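Please look through the sequence and the structure shown here before reading on.

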Amino acid sequence: MIKRILMAVAVAAALAGPGTAVAVTDAEMRELREQVEQLKREYERRIDALERRLKQAEGTAGKAEAAASRAQATAVGAEAAASSAGARPAGENAFNPAVSLILNGVLANLSQDPARHQITGFAPTGGEVGPGNRGLSLAETELAFSANIDPNFRGTLIAALGPDDTVAVEEGYIQGIGLSHGLGIKAGRFLANAGYVNEIHPHAWDFVDAPLANKVFLGKQLADDGVQLKWVAPTETFVELGAEIGRGRAFPGTNRDKNGAGAANLFARLGGDIGASTAWRLGLSHLRTRAQNRSYDDLDSTGTQVNNSFSGASRLWVLDGVLKWAPNGNPGYNNFKLQGEYFRRREDGTLTYDTAAASLGTQSDIYSSSQSGWYAQGVYQFMPRWRAGYRYDRLNSGTAKLGLVDSGALTAADFPVYAAHQTTRNTLMLDFNPSEFSRLRLQLASDKSRLGATDKQVFLQYIMSLGAHGAHKF
Amino acid sequence: MDMGNAMKRLISSMWPAAMSLLLMALPALPATAALKVLACEPEWAALVRELAADNASVSSATTALQDAHHIEARPSLIARARNADLVVCTGSELEVGWLPPLLRQSGNARIQPGKPGYLEASQLVARLEIPKVLDRSLGDIHPAGNPHIHLDPRNIAKIAQVLSERLAYLDPANADTYRARTTAFLARWDAAIRRWETEAAPLKGLTMVVYHKNMSYLNAWLGLREVGSLEPKPGMPPTTAHLAELVARMQTAPAKAIVYAAYNNPQAAEFMSERTKIPAVMLPFTVGGSDRAKDLFGLFDDTLARLLAVPK
C-alpha cells in the first residue's frame, strides 16, 4: 500500500510539475489512470493520422518531384532544385547568434561652434546632446548580437562603437520567451520605455539627431540597468502596462553607491487600427529617480568656469502618440507617419554652486524647477524609396527657483544656464532608400537652442545595415 | 525622500489607474470558446475557415492588398497575437521583419516557434529557388527558398492535412468536426485541381514577365515560363533603367503577358504594357485580391480565368 501511494505521488508530481505538494487518494488515483488512458488513446489516434498522412505523402511525392524538375527546366534563373530539407550545415558555428551591424557616417556643416553648444534654460545632461563634429565623421556604429539561449530565455547585446574609438554597451539584456498571460520580462541594460523615440535605436530614427526634448529630459536616450515587467491585456484594443526598476545610473538620475533601486518608470500604452489604412498608438510614462551631485559646468558672473551640482528628486511625465497611414495598409509606395511627444519634468532639491571653490566659494541652497518640451514630426514617403519629413521642436525652460539667488547670496548672472528661454528648432529631411538595408539622408535645420544664436545646420548621412534582417517595429 | 518610499508612492498613485484600465478591458474579453487563430496571410485564414468553419474565429494579419514582407508589428497585431491559440504563417522568412518581434511582444507561450500553436506552412512543402549563394547584392533573397508557396494548389492540400491535425490537437472537443471537414474539403479540392489542370492545359509554355518572384509555384504547377521581372533584384522596386532594358528585351523576344499581384503597384506594369503592347494582367494572388477570389476556390478560378483571357 505504501509503495502504491509513493508511486502515485511520484506520478502525480511528475504530472503536476515540480514544487507541488500532493496527497493522493484512491479516487485521485483512478482519475490519474483515466487521464493516462486518455493520453494513450489520443496518441494512438494521432499515430493513425500520421500513418495515413505518410501514405498520402508517399503517393504525391512522385508528382511533386516531377513538378519540381519541370520548374527547374522552365523557370528563368531558377538555379536551385526543389527541396524541403532546408539543411543547415552542421558545425561549431551553427548556433552562433544573429549578428547585425549598422554603419553610419555623417557630413555636418554647422554655422555655430559645436564646442559651445548649449540648450539654454536646461542644465547640461552629460550625454551626447550636441550636433556632433563639423565636417566628415563616422557616426555611431552599432554591433548587435541576439539569439535564444534556451526555451526560456533570449539574449541581446547591442554595442555602440563610437567614432572616438570608444565602445559602449548600449543595450545588453535577457528576456523571457516562454511566458504566457501576456507577460514579458527583461533584465539587464535596456532602453527605457519613456515615450516613443527613446526606445528606438538611432539608426531607425527619421532624423539624424534626437528631438531636443529627448536631449534635455533623457540625456538624448536613457538606457538604465534594471528589470522590466510588462503585461499585454487580453483585449482587442492593444493595452500594455509595464514597470521598470533600475539603478538610475544615467541622466536624469546619477550612479549612486546604494543597495536596491534608484529609479522607477511606469508606462501604459494603448493602440489599434482605424480601418485597414491607419494604425495608432498612445503612451504615457512616468519616471521617478534621484540625482546625487549631478554636476555641470557654467560660467558665473565673474567669467570663471565653475562646477555646480544638483542633488534631489526628478520626476518626468512623457505623453507620446504615433499614427501611421498607408493606402490599404501597404506602405511600399506611399505612407505617412505622424509622431509627437510631450515631456514635463519637476525637480526639487539642493543646488551647490562652485563645488571646487574656484570662484566665489562653495554655497548650497534649495532648487526647484518645472520644465516642459515637445516635438511633432511628420514623414511622408511620396514615391517608392523617397521620403520627406518635417519636425518642430519646442522647449519651455520655465524659471527655476534658485535659493542662492532669492536669498541674495548670488545673482542670476551666476547661473546663465538657467536663463529662462523658449527654444525652438525647425528641421527638414529628405531621404533616399535604395533598398530596405540602406539609407542616404539630407537634413537641414535651424536650431535656436543657445540663447541669442541660431545654428544653421546641414547634414548628409548614410545608414546601412548588414547581416540579420532588422525588426519592423511600430 | 527615500527611493523606497518614492517607489511605493509612485506605485500607489498609478495603481488605481492601472486597475481601472484593467476593469475597462475586462468586458471586452471574448466570451466564446472558439479557437482563436491568427493567420499571417489571407490564404491561411481562408484555409482555416474551410477546415474549422464556426469552431474557430480567424483573422489575418495582412490583406490581399498588402505586401506580407513589409508590414510592421503594429499594436493591433500584438493584441491579436496575445490572444491567439494558433498562428498560421508562411514562414521561410516572408514575415521575418515583423513576426518574430510580434511573437516576442505577445506574452503568449502557446504560439511560440516549436509549440503546437505555431504552424509554418512553407516547412511542409518542397520549396523552389533555394539560393546557392546568400548575398544581399542579389536582392532581398530568402535563404529557405521562395516563400510564396500557396499558388500551387497541391501545396494547399498538403498543408490542409497538417493544419487539420493541429486544429484537432488544440481543440480536441471538435476534433471529429475538423477531420470530417478536412476530408470533405480535400475531396472537393482534389476535384478542383483536376478541373483546373484540364482548363489550364492551353497555358503550358505561356511566357510572362512577373513583377516580383511571387508566381514561381503557379508557374511550376502549370508549366508557365517566367522570362523576366519588373523588379531589378528581388524586393527592390522597379527602376526606370531596368524597365527600359526590359522593354528593349521584349522587342526581340516578347512575352505573352506582364503579370502582377493585386498588392503590387500597377504603374510599372502599365508602363511596360504601353511600350511593348504586351497585356498587363493583374492576378488576385491571394484570397480577397479580386471580387471573385472570395475563397481559395475562387482564387484559383479567377487566376486561371485571367490568364486564359490572355491572347495566344
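Two residues are said to be in contact, or to touch, if their C-beta atoms, placed from the backbone, lie within 7 Å. The model is a predicted one, and every contact described below is to be read with that in mind.

Leaving aside residues up to four places away in sequence, His150(B) touches Glu43(B), Asn155(B), Ile156(B) and Thr286(B). Is His150(B) buried or exposed? A residue counts as buried if 20 or more other C-beta atoms lie within 10 Å of its own; because His150(B) has 27 other C-beta atoms within 10 Å, His150(B) is buried. Asp291(B) stands 141 residues from His150(B) along the chain, and the C-alpha atoms of these two residues are separated by 19 Å.

Chain B holds an open sheet of four strands, in the order β2-β1-β3-β4 and with parallel pairing. Because β2 (56–60) and β4 of chain B stand at the edges with a single partner strand each, one side of each is left without a neighbour in the sheet. On average, and with direction ignored, neighbouring strands of this sheet are turned by 20° against each other. Within the sheet, strand β1 (residues 35–39) of chain B is joined to β3(B) by three bridges, the two strands running parallel, and Leu38(B) has Val87(B) in β3(B) as its bridge partner. Helix α5(B) packs on this sheet, where it touches β1, β2, β3 and β4 of chain B, and the direction of α5(B) makes about 170° with that of β3(B).

Another helix leads the eye towards the other chain. In helix α4 (residues 99–106) of chain B, the buried residues are Leu99(B), Leu102(B), Leu103(B), Gln105(B) and Ser106(B). What covers the buried residues of α4(B) includes α3 (75–83) and β3 (86–89) of chain B, together with β6 and β7 (223–232) of chain A. After α4(B) comes Gly107(B), whose phi is positive, near 60°.

Gly107(B) is also one of the residues touched by Gly182(A), along with Arg82(B) and, from chain A, Trp231(A), Val232(A), Ala233(A) and Pro234(A), when residues up to four places away in sequence are not counted. Gly182(A) has its place in the loop between β5 (167–176) and β6 (183–191) of chain A, and because it has 23 C-beta neighbours inside 10 Å, Gly182(A) counts as buried. Chain A itself is divided into domain 1 (1–50) and domain 2 (98–467), and the centres of these two domains, taken over C-alpha atoms, are separated by 55 Å.

Returning to chain B, helix α6 (residues 175–199) and helix α10 (residues 296–308) pack with their axes 11 Å apart and at an angle of about 5°, which means that α6(B) is roughly parallel to α10(B). Ala192(B), Trp196(B) and Glu199(B) of α6(B) make this contact with Phe297(B), Phe300(B) and Leu304(B) of α10(B); by class, the contact has five nonpolar, no polar and one charged residues.

Taken as a whole, chain B has ten helices and eight strands, and 51% of its 312 residues count as buried. Among the contacts in chain B with a separation of 6 or more, 62% are accounted for by residues 24 or more positions apart.

Conventions: Residues numbered from 1 in each chain as written. Chains lettered and ligands numbered in written order. Predicted model: local features only at pLDDT ≥ 70, side-chain atom pairs only at ≥ 80, totals over all residues. Axes fitted to C-alpha atoms, helices over the stretch in contact; angles between N-to-C directions. Parallel < 35°, antiparallel > 145°, perpendicular 65-115°, else oblique. Nonpolar A, V, L, I, M, F, W, Y, C, P; charged D, E, K, R; others polar. Buried ≥ 20, exposed ≤ 12 C-beta atoms within 10 Å, placed from the backbone. Domains from an automatic or database assignment. Pairing = 2+ DSSP bridges.
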